[in-house]
Amino acid sequence: MNAERVSVESPLALKKPLDSRDRGGAAQPLLSVKALRKHFVIKKDFFGRPVSQVHAVDGVDFDVLKGETLGIVGESGCGKSTTARLLMQLLTPDAGEVIFDGDPVGKPGGLSIREMRRQVQMVFQNSYASLNPRMSVEESIAFGPQVHGLGKKEANTRARKLLDQVGLLPNQFASRYPHELSGGQRQRVNIARALALEPRLLILDEAVSALDKSVEAQVLNLLIDLKQEYGLTYLFISHDLNVVRYISDRVMVMYLGRVAEMGESESLYNAPAHPYTRALMSAMPSMDPDNRTQVAPLAGDPPNPIDLPPGCRFCPRCSMAVDKCREEEPELAPLHAMQAGHLQHRSACWRAGEVQALASTPIAEEITS
Amino acid sequence: MTAPSPVDYQTIPDQAHRAAATKSEQLVDVQNLKVHFRSPGRCVQAVNGVDLTLAKGEVLTILGESGSGKSVTLRALMRLLPERRTSIEGHINVAGQDVLKMSRRELSAYRGFTTSMIFQEPMLAFDPVFRIGDQIAETVCRHEGVSHAEGLARALELFELVRIPSAKRRLSNYPHEMSGGMSQRAMIALALSCRPRLLLADEPTTALDATVQIQILLLLRDLQRELGMSVIFVTHDMGVANEISDRIAVMYAGRVVETGSVDEIIRAPRHPYTVGLMQSRASGELKGERLSAIPGSPPDMASPPPGCAFAPRCSLATEECQQNVPPAKVLGQQHWAACWKLEGV
């Protein structure tokens, strides 16, 4: 049944106003993630039982709506890249479910991993390492469609069309090899390659982080254009809060393998409801020469996700922690019961309401007081 | 002074700054620095006539994208570039010493003692098989001729200076036992071990998380004030430059295109490249709008354009810009920019 759905469409019809693969309608999330978990065991005892493990992703639930851009932010080690890899099945989840447009992925009766990967593609941070150095740009882009049964000629035509679309002249660039391109050009090739399979969801894992600022802006513009043209949905992972705010409709903040806060990006940036989100925002370097940062919002490095504190994971670094935070782990809960479904602003903090009320006070005053 | 060639156009305005700073205040004086990397059949002109001056106790940020020559300039100040394949021209004067004329012996006294450097990857700066405390002590012994025990005592002081918690215990750690922020602090301690007068910082916070980056920036700012060092800080991030520096020099394709105080560069940039950089920053306010990105990409430095290196990407460029390298124009006491079209920006 799934095979049918894929074969119905013509392989070269890149531009489609309504996606024929759409099943549940606009209201059904394109991707639903339920209780996703991945622990990496780093030490086993005599009987092979795990003694210590990295809690990379520790029970994450979220939905990606059709046509939106969901941003994921967090420090290194918070599990944002692991989440992306789990979604692509580059890593096997320990537990949890990934549902793509209503079909569970990799389960009997659901979508096979191969079919899921046709519809979900990923762009990585390291543009050089993610291209085969012995394949020309055209071959790299045409490779995926050929694996999925498209003839060589058609695949090459598609590759050239995509090159044109990402702003690289096909005649000039098609026969080049990755080492002959600049970082920005290589990342454009990676984006073209990801689009070659006509995916519906594109996972961008720090895709613009390694680029220079002037090139980053070009690639961001390109991503926005492509999204409109192909009706794509983006999962945008980055550590740069400015970029995430610019491109995302909704934002998810992760901390030590769990979701700390999630909400519409303007709501989240204007009135963060988790102390960690607040700290992340005030850690961004100031662009005002008269108003430089005076106090670091957080002390020390992000802790490693091996030995987790009891209670709230953030409480050892939190300036607002109370006894309850040290004892019980807060669940991701909506701030206002009235808000509708997916657009809810949710925070995993016992004192979320108080944190949000603080939004107008600069964090420096709060720390020093 | 050598006879002015078309490339050392920047000498004129920096003369003003040079004259303003009396001899005793000035620590670094770089004149018409050119660094070319030679390999068979290819010559990469990484730096093409850079002039810089730095006063005592001043923090200068060199802001630029990858390939702009900012790190190469910094490495030239330490003579860290591979001697055989590099040709360095111009003058580098640090604390009254001519760096380019130093012998090996003079260099090893100069490095660490007058000038020291911190890097982007702290893990690579330490030897993984020795304890961090011993590595710092070794540096102190080598430069100041004291015993290992005294060196260790100094290392402890330094660890406290860079605010490493439980400093004593941390001294006996191996590099892999430290987190990213902690090892960056340890590298700063190592760099400061012989009380250098000039600290060169090559993107020391780029590999760190934002929450750690701001801690390191604040630490460097405090240390600079406490110790009265001069600092040259290299970064590609405008925000970081704003947090740390007194003065900013913007580099593009091997040349400084604009210099000014932080205020002047951030609030009133004049060179089209600086203006473009400021405008291409993504932020929440611009949501839904297109970013005004600078088109194209930086030139290949093996064959740089004959005129202004930014001309191929510049919307204001004319025939003149394609042909001739623009001279620097003085815009304020410290502010100058090298562009033919300053009036049009």
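**Entry 1: a helix across a sheet.** I looked up helix H2 (residues 80-87) of chain A and found that H2(A) lies across strands E1 (31-44), E2 and E4 of chain A. H2(A) runs at about 70 degrees to E2(A). Axes are lines fitted to C-alpha atoms, for helices over the stretch in contact, and angles run from 0 to 180 degrees between N-to-C directions. Helices (H or I, at least four residues) and strands (E, at least two) are DSSP runs, numbered from the N terminus.

**Entry 2: ground rules.** I noted that this is a predicted model: local features need pLDDT of at least 70, side-chain atom pairs count only at pLDDT 80 or more, and totals for chains, interfaces and linings use all residues. Residues are numbered from 1 along each chain as its sequence is written, while chains are lettered from A and ligands numbered from 1 in the order in which they are written.

**Entry 3: the sheet.** I traced an open sheet of 4 strands in chain A, in the order E2-E1-E4-E5, with antiparallel pairing. Strands pair if DSSP finds at least two bridges between them. E2 (50-64) and E5 (103-104) of chain A are the edge strands, each pairing on one side only. E4 (residues 95-100) and E5 of chain A pair over 2 bridges. A:Phe100 stands opposite A:Asp103 in E5(A).

**Entry 4: where the chains touch.** I found 33 residues of chain A in contact with 38 residues of chain B. Contact means C-beta atoms, placed from the backbone, within 7 Å. H8(A) gives the most to chain A's side, with 7 residues.

**Entry 5: confidence.** I read ipTM 0.84 and pTM 0.86 for the model.

Technical notes
Two residues are in contact if their C-beta atoms, placed from the backbone, lie within 7 Å.
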